[in-house]
Amino acid sequence: MKRYFDVLQLLWGAAIAAELEYRVNFVLATLTSLGNLAGSLFSLFLFYRTGYTFQGWTWDEALIVLAIFTMLQGFSSTFLAPNLNSIVKHVQQGTLDFILLKPISSQFWLSSHTLSPWGLPDIIFGGILIGYAGGRLGLALQDYLLSAIPLLFGLASLYSLWFMLGATSIWFVKIYNVTEVLRGLLEAGRFPIVAYPVAYRFFFTFVVPVTFLTTVPAEAMLGRVELGWVIGAGVLALALLYIARIFWNFALRFYTSASS
C-alpha cells in the first residue's frame, strides 16, 4: 500500500507542476465554473420563482442537491476525465503496452496517473454553496459528516461507471460520443430525483444510478434519508467496483498489443 501512495505522490506532483505552467487556464476554469453554476442556479430558479417546489424540497434543500452535483462535476474534471479519457489514447497509440508492463496494477495506474486542477473551482464553489444553504437550514457539523458516507459511495459508483466505459475502447477505440452521453445522463443529478416522472426516477435509480450520486447524500445531510438507501448505495458502490475490476481483466483478453 505504501508503494501505491509513493507512486501517487510522484505522479500527481509531476502532473500539477506541468499544469501550473499554464496558470491562465485556472482563471478561465474559474470563470467557466462560475458561468455553469450561474446557469444551474437560474434553471432551478425558474421552477421556484412562482412558489412551486419539488415535492418535499424547499429552495434551500434543492440548493444542497445542486451543490453536491457541482462538487461531483469538479471531482470528475479533476480525477476522472484526465485519467480515464486517456485510456482511449493509449489504445489508439499502442502505449497501453508500456502500462501493462509496469510492476503495478494497470487499473490503478490508468485511474490515477494524473489529475487536473482545473476542476477545483467546481469543488470549491460547490462547498461554498453547501455552506450557504446549510447555514440557512441550520445544519450542524454532524449533518455534513453523515452525508460524507453516501457521498463516498456515490463517488465510487461514478468512478466505476466511467472506468468501465473507458475499458470498452479496447473494442470500439473511439468512444468520445459515448462519454458525452454519460455526461448528459448525469446532468439529471442537478435536481432532486422527485423532479422527474416515475419512469425517469426508475431509470435514474436502477439503470443509471444518478439518485445515489446527489439525492441520497443530500437527504443524508438533511437527516431524513432511510437507512436502506444508504445501505443500497454502499452495496451498489462495492458491486460496481468489483464489476469494474472483473470487466477490465475481461477486456484485456481482447487487447492486441502494438507489437503483436
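Threonine 78 is buried, with a relative accessible area of 2%. Buried means under 20% relative accessible area, exposed over 50%, and partly exposed in between (1.4 Å probe, protein chains only). This is a predicted model: local features need pLDDT of at least 70, side-chain atom pairs count only at pLDDT 80 or more, and totals for chains, interfaces and linings use all residues. Residues are numbered from 1 along each chain as its sequence is written, and side-chain values use heavy atoms, leaving out hydrogens and water.

Threonine 78 sits in helix H3. Helices are DSSP runs (H or I, at least four residues), numbered from the N terminus. The side chain of threonine 78 reaches the backbone oxygen of glycine 74 at 2.8 Å. Threonine 78 also touches Leu115, Ser116, Gly119, Leu120 and Ile123, leaving aside residues up to four places away in sequence. Contact means heavy atoms within 4.5 Å.

Next comes helix H7. Its 18 residues should span 26 Å at 1.5 Å a residue, and its end C-alpha atoms are 26 Å apart, which agrees. The expected span is 1.5 Å times one less than the number of residues. Buried residues of H7 include Phe125, Leu129 and Ala133. The cover over the buried residues of H7 includes H2, H3, H8 and H12.

| Helix | Residues |
|---|---|
| H2 | 24-48 |
| H3 | 59-84 |
| H7 | 120-137 |
| H8 | 141-167 |
| H12 | 215-221 |

Just after H7, glycine 138 takes a positive phi of about 75°.

Leucine 31 lies in helix H2. Leucine 31 counts as exposed because its relative accessibility is 53%.

Notes. Helices (H or I, at least four residues) and strands (E, at least two) are DSSP runs, numbered from the N terminus. A polar contact is a pair of N or O atoms within 3.5 Å; within protein, one must be able to donate a hydrogen and the other to accept it, and residues adjacent in sequence count only if both atoms are side-chain atoms.
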